[in-house]
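Subject: Structure handover

Hello,

Here is the structure I promised to pass on. Please open it first, then read my notes below.

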Amino acid sequence: MPELKRYSREEIAKHNKPDDLWIIIDSYVYDLSDFIDGHPGGQAVLLMEDIAGQDATEAFFGLHQMEVLMRYQKLRIGQVEGEEPKIHYPQSGEISRVPYAEPAWLVEPFSSPYYNESHRRLQREFRKFVDEKVTPVAEKCEASGERPDVELVQLMGKLGINAMRLGPGKHLHGRKLFADIKPEEFDYFHEMIITQELVRTGCRGFMDGLQGGMVIGLPPVINFGSDEMKKEIVEPVFNGEKFIALAITEAFAGSDVMGLRTYAKKTEDGQHYIVNGTKKWITNGNFADYFTTAVRTDEGFAVILIPRSLGVETRLIHTSYSPCAGTGFVMFNNIKVPAKNVIGEDGMGIPIVLSNFNHERWVMCCGTIRGVRAVCEHLMLWIHQRKVAGRPLTAQAVIRQKIAFLIAQAEAGQSYLEHITLQMNKMSYRQQAKFLAGPIALLKAWSTRISHEAADNAVQIMGGRGLTRSGMGKKIENYNRNYKYDAVLGGTEEVLADLGIRQSFRFFPHDVKL
């Protein structure tokens, strides 16, 4: 980068008119003469006597995030004589230096027994990938409501990331994985890293749109589907050529899986099922090519893979988060499905559905807890920049207390999550179903309570900015609008809290008395 021309503060001060306007930000000189008419805040702000031709560093960071400054580097024309920048300019992939902005295992000199060199390599390389490839697309789609770019999904497929998002298992065997992770060493901590790094985009709707349906809709096919079925769809879905959604929830049966009404009637010749019914709030449902669908049958319950091409109709459901998630209302009207599309066997529907829940809920815990930490980082930056009555918000004891409790909850949540993740690594799939359904349910219910506290306090601390979809509080506004999803999806807080306790009753020693 060529050396910038140096200017004295006296010379810079002369450029204080609408057609000749310079300002100083962090020792750098910016020429705003051609920008003033397009300034979103109007001309008046830039022409104030303590801004035009003056050092506007404090005023700028009281109103804008660093990303705004980075966006307008082309307006930089020089630097103040004898001065050097004092502000850190973030680079893609770097670890945040804000206290508590990162889980402790990423921060020197803290250590952790859970993570090895391959975990650290994956985090390092994947964060850079997210910063450079995912976040720009996420912010664009979150704003426009368009589904995530298929090109991005296909790139992630080519790099092995899509397959990695389903966790460890046979589906990874023989694959070349991102960051040169060996399939046999890939564990749930690797998967946690991928999920938590993606959450840093701060775009909740986009995160569900980015293969959320695959994460929950493909495992039943992989674990219980026929070889023919797996050969037909697994690789196209991983490659981003086809998309899949899990279709369980219905308007008449939210968290009550046993109450679903979609019915599949077997034809007399036994070769097909005729499916009738609807599904609601189906993630990726509006653009999915396949639906892993829970249905009632004469045998009880079944899970059937239903291709859109058979006549499935969908329409977008407008929820409080971005339409880019593709949340769909799915209609099965006399859909004739080959009997070979039954996943597992007719009558096995409930066990198959339940086998999927632990992993789905654990993934949601990974995201929820990392989201709380992202809020803590945002607030820590804000209270050091924002001044009220001439003093930063850090001087307010009530603000310090609010953030202290949020940080403690984020730290506790991560520790709880890492404990359960270790158990997942040590237990067989059958043991996880028996011993971890309750703990995971309790963790999810508690982590969404934490997110409620984070959303409420973040808005109070940021004020009107925390309710505005642009500017310094846009990520807080997005979080406040979307945090409730995790308290409802995958089982509501109340249902999961009850499940966690009822699971513990199964192990209660009846010979023990108070």
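What radius of gyration would a compact globule of 514 residues have, and what does the protein have? The rule for a compact globule gives a value near 24 Å. The protein has 26 Å, so the two agree. Keep in mind that this is a predicted model.

**Overall build**

The C-alpha atoms fill a box of roughly 90 × 60 × 40 Å along the principal axes. The protein has 19 helices and 15 strands. Take the contacts with a separation of 6 or more: 73% of them join residues 24 or more positions apart. Buried residues make up 52% of the 514.

**The cores**

In soluble globular proteins, nonpolar side chains tend to be buried together. Here, the largest nonpolar core holds 74 residues. Those with the most contacts inside it include Leu122, Phe126, Phe206 and Trp362. Helix H13, residues 349-385, gives the most to this core: nine residues. A separate core has 26 residues, among them Ile403, Ile450, Ala458 and Tyr483.

Which residues does Val221 touch, leaving aside its neighbours within four places in sequence? They are Met229, Lys230, Ile233, Val234, Ile244, Thr292, Leu305 and Ile343.

**Two residues to look up**

Start with Gly213, in helix H10 (residues 212-217). Is Gly213 buried or exposed? Its relative accessible area is 0%, and buried means under 20%, so Gly213 is buried. Beyond four places in sequence, Gly213 touches Asp208, Leu218, Ile244, Ala245, Leu246, Thr283 and Asn284. Ile244 is also on the contact list of Val221. Gln196 is 17 residues away from Gly213 along the chain. Their C-alpha atoms are separated by 17 Å.

Then go to Asn457, in helix H16 (residues 437-462). Asn457 has 9% relative accessibility, under the 20% cut-off, so Asn457 counts as buried. Leaving aside neighbours within four places in sequence, Asn457 is in contact with Lys402 and Leu406.

Best wishes

Note on methods. Residues are numbered from 1 along each chain as its sequence is written. This is a predicted model: local features need pLDDT of at least 70, side-chain atom pairs count only at pLDDT 80 or more; totals for chains, interfaces and linings use all residues. Side-chain values use heavy atoms; hydrogens and water are left out. Helices (H or I, at least four residues) and strands (E, at least two) are DSSP runs, numbered from the N terminus. The radius of gyration is taken over C-alpha atoms; the globule rule is 2.2 Å times the number of residues to the power 0.38. Buried means under 20% relative accessible area, exposed over 50%, partly exposed in between (1.4 Å probe, protein chains only). Contact means heavy atoms within 4.5 Å. A nonpolar core is a set of buried Ala, Val, Leu, Ile, Met, Phe, Trp, Tyr and Cys residues joined through side-chain atoms within 4.5 Å.
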